[in-house]
Amino acid sequence: MDNLITLLPELWIAAGETLYIVGLTLLFGGFGGLILGLGLYLTRAGSILANRAVFSTINVLVNTVRPIPFIIFLAAAQPLARVAVGTGIGNNAIIFTIALAAMFAIARIVEQNLLTVTPGVIEAARSVGAGPVRIIFTVLLPEALGPLILGYTFIFVALVDMSAVAGYIGGGGLGAFALLYGYRQFDPVVTWAAVLLIIVFVQLVQFLGNWLARKALRR
Amino acid sequence: MSSPTPLVELRNVSKVYPATVKGGADVTAIDDVSLSIDAGDVYGIIGYSGAGKSTLVRLVNVLERSTAGQILIDGRDVARLPERELRPVRLGIGMIFQQFNLLNSRTVARNVAYPLEVAGRDKSDRAKRVAEMLDFVGLADKAGAYPDQLSGGQKQRVGIARALATSPALLLADEATSALDPETTHEVLELLKRVNREFGVTIIVITHEMDVIQTLATKVAVMDQGRVIERGDVFDVFSNPQQSASARFVSTVVKGVPSRPELDVLRARHTGRIVTLAFRDDTVDQTRVFGELSRDGVAFQVVYGGINEIQGRPFGHLTLALTGDNETIDAALDRVRALTTVTEVR
């Protein structure tokens with residue numbers, strides 16, 4: 001307990017770092033995933049921009065990246081991180097790698113949620129002369145907004161999970177904090193303090209996501 | 001009286017879907033269909049599920065591409081137009097659907113405004129038109145409601161308001177009442193009648209419900225396996241179908257000539273001679289027919305059939321069981337034959 005009290009300043013810094021890492025990965029990975037997911041949805045057979053080559057390419061890419069265990073992906077993607085963000089270690093490298101991995105997971109979630117939009121509604125929009133871009137912004141995204149928000153909330157939890165291994169490549173955050181000051185110092189109180197904070201984060205975000213989704217669905 | 005160019009003309013149109021499995025057979029959804037629809041018509045297209053009706057109607061606004069033939073809208077072939085150039089064409093063709101297909105994320109008013117946004121109309125113009133349309137379909141008080149707060153009939157009325165917002169000359173109705181109960185169906189059909197009468201909108205109605213055609217359409221085409229097998233005035237097709245598939249359809253709403261098994265049942269119940277009389281329009285005077293029968297004391301009982309009315313013109317078949325001595329019946333039937341078609345069934 002005494003240890004925890006002396007470590008409190010570090011704990012707050014770690015919490016801030018986790019938020020920073022997760023926030024930025026959600027931003028970049030979320031955007032990339034949205035684009036890829038839309039790509040999957042729009043190019044699948046029978047859709048408005050059906051294109052077998054593009055669909056297969058994205059599909060194979062998503063299926064290839066998704067099953068790789070993240071801690072291995074982290075190591076494997078290090079050279080890529082060096083090229084992209086100039087460094088293979090630290091918070092920037094971890095943000096890049098998580099965003100990259102998350103993008104493919106998010107793509108699938110986006111695709112699945114877009115598939116909940118009734119094809120008839122798309123057809124109705126086409127029947128009044130709406131083009132693909134208009135359909136994306138006025139039909140697809142608004143009609144799938146509720147499930148999309150819930151999907152992104154789900155992803156947030158996965159991102160917190162992924163960010164916990166940042167310590168392995170010299171990043172910060174609650175995961176690194178728990179490893180360094182809790183696990184390695186044989187101090188379960190410190191470990192559990194980090195766990196508790198993570199639980200609080202996840203609960204808050206889940207609550208926020210549910211609330212937003214309810215608003216979007218007007219239920 | 002037909003205008004020099006029909007509003008919609010299909011010339012030898014086919015739609016073939018390539019085989020879904022390698023080495024499989026191609027699927028012909030529409031097989032060499034030619035059809036001509038004049039401005040102001042309410043044209044019904046009927047047929048069983050899978051006959052190709054929904055595909056056919058989607059070829060008209062090119063939601064689906066035909067694989068052969070020409071599709072002329074106001075004399076202009078739209079079948080091969082690139083997607084971009086179809087936009088103005090589609091703004092001139094409204095469409096309503098079985099499942100209504102409203103945008104759940106938008107209010108009723110914003111659903112109706114949608115085609116106007118696509119057409120690039122400015123905001124005040126849109127608001128004015130939306131109010132007009134909601135007034136027309138009787139939903140002015142629901143402008144701020146969301147589709148999931150409406151009944152099926154109300155949703156379809158929103159669908160109609162949306163389809164007509166850009167003042168199209170043509171309305172495609174794809175099984176528009178099939179998801180509605182009989183009373184609501186009636187309301188929606190009455191509304192569509194008004195659309196045709198008050199705005200002069202030409203309507204193509206796809207349905208498997210014969211009574212929809214009966215109340216709404218003036219002309220009808222019967223589809224079977226991707227082909228149009230019969231077409232003409234609704235009255236002609238209903239009162240005197242030429243093809244067996246059309247006759248089967250007609251018999252779902254109009255009890256006509258008894259079928260073999262039905263006849264066996266009648267036979268078991270009635271010992272006398274059984275004849276079927278055709279009544280069509282005002283050419284056959286029922287009073288005279290029955291007068292001739294009963295004049296010499298032939299007793300009769302109506303055992304099967306019915307009289308229907310389409311566009312104020314009655315038609316139908318009545319099957320009678322006659323009792324009396326054979327010669328009197330023969331003489332009476334000869335007199336009736338001079339008035340209408342008599343079929344004696346054994």
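Trainee: Which residues have the most contacts inside the largest nonpolar core?
Mentor: This is a predicted model. In it, B:Val112, B:Ala173, B:Ile204 and B:Val205 have the most contacts inside the largest nonpolar core, a set of 153 residues.

Trainee: Which helix gives the largest share of this core?
Mentor: That is helix α5 of chain A, residues 90–114, with 16 residues. The core also draws at least three residues from each of domain 1 and domain 2 of chain B.

Trainee: Back to B:Ile204: what is B:Ile204 in contact with, leaving aside its neighbours within four places in sequence?
Mentor: Its partners are B:Ile37, B:Tyr43, B:Ile45, B:Val57, B:Val60, B:Leu172 and B:Ala173. Of these, B:Ala173 is itself listed among the residues with the most contacts inside the core.

Trainee: Now the chain interface. How many residues of chain A are in contact with chain B?
Mentor: On the chain A side 17 residues take part, and they meet 16 residues of chain B. Two elements of chain A give two or more residues to that side, namely α6 (119–127) and α7 (132–143). The largest share comes from α6(A), with 6 residues.

Trainee: And what is that side of chain A by class?
Mentor: The side of chain A that touches chain B has 7 nonpolar, 5 polar and 5 charged residues.

Trainee: Let us turn to chain B as a whole. How many helices and strands are there in chain B?
Mentor: Chain B has 12 helices and 14 strands. Its C-alpha trace spans about 80 × 55 × 40 Å along the principal axes. Of its 346 residues, 40% count as buried.

Trainee: What share of the contacts in chain B with a separation of 6 or more comes from residues 24 or more positions apart?
Mentor: Such pairs account for 69% of those contacts.

Trainee: Which residues of α10(A) are buried?
Mentor: They are A:Val190, A:Ala193, A:Ala194 and A:Ile198. An α-helix has 3.6 residues a turn, so residues three or four places apart point the same way. The buried residues of α10(A) pack against α1 (2–43), α8 (145–163) and α9 (174–183) of chain A.

Trainee: What comes just after α10(A)?
Mentor: A:Arg218 follows, with a positive phi of about 55°.

Trainee: Finally, is A:Gly46 buried or exposed?
Mentor: A:Gly46 counts as exposed because it has 6 C-beta neighbours inside 10 Å, and the cut-off for exposed is 12 or fewer. A:Gly46 lies in the loop between α1 and α2 (52–65) of chain A. Its C-alpha atom is separated by 48 Å from that of A:Ala14, 32 residues apart along the chain.

Definitions and conventions: Residues numbered from 1 in each chain as written. Chains lettered and ligands numbered in written order. Predicted model: local features only at pLDDT ≥ 70, side-chain atom pairs only at ≥ 80, totals over all residues. Contact = placed C-beta atoms within 7 Å. Helix = DSSP H or I, 4+ residues; strand = E, 2+ residues; numbered from the N terminus. Nonpolar A, V, L, I, M, F, W, Y, C, P; charged D, E, K, R; others polar. Core = buried A, V, L, I, M, F, W, Y, C linked by C-beta atoms within 7 Å. Buried ≥ 20, exposed ≤ 12 C-beta atoms within 10 Å, placed from the backbone. Domains from an automatic or database assignment.
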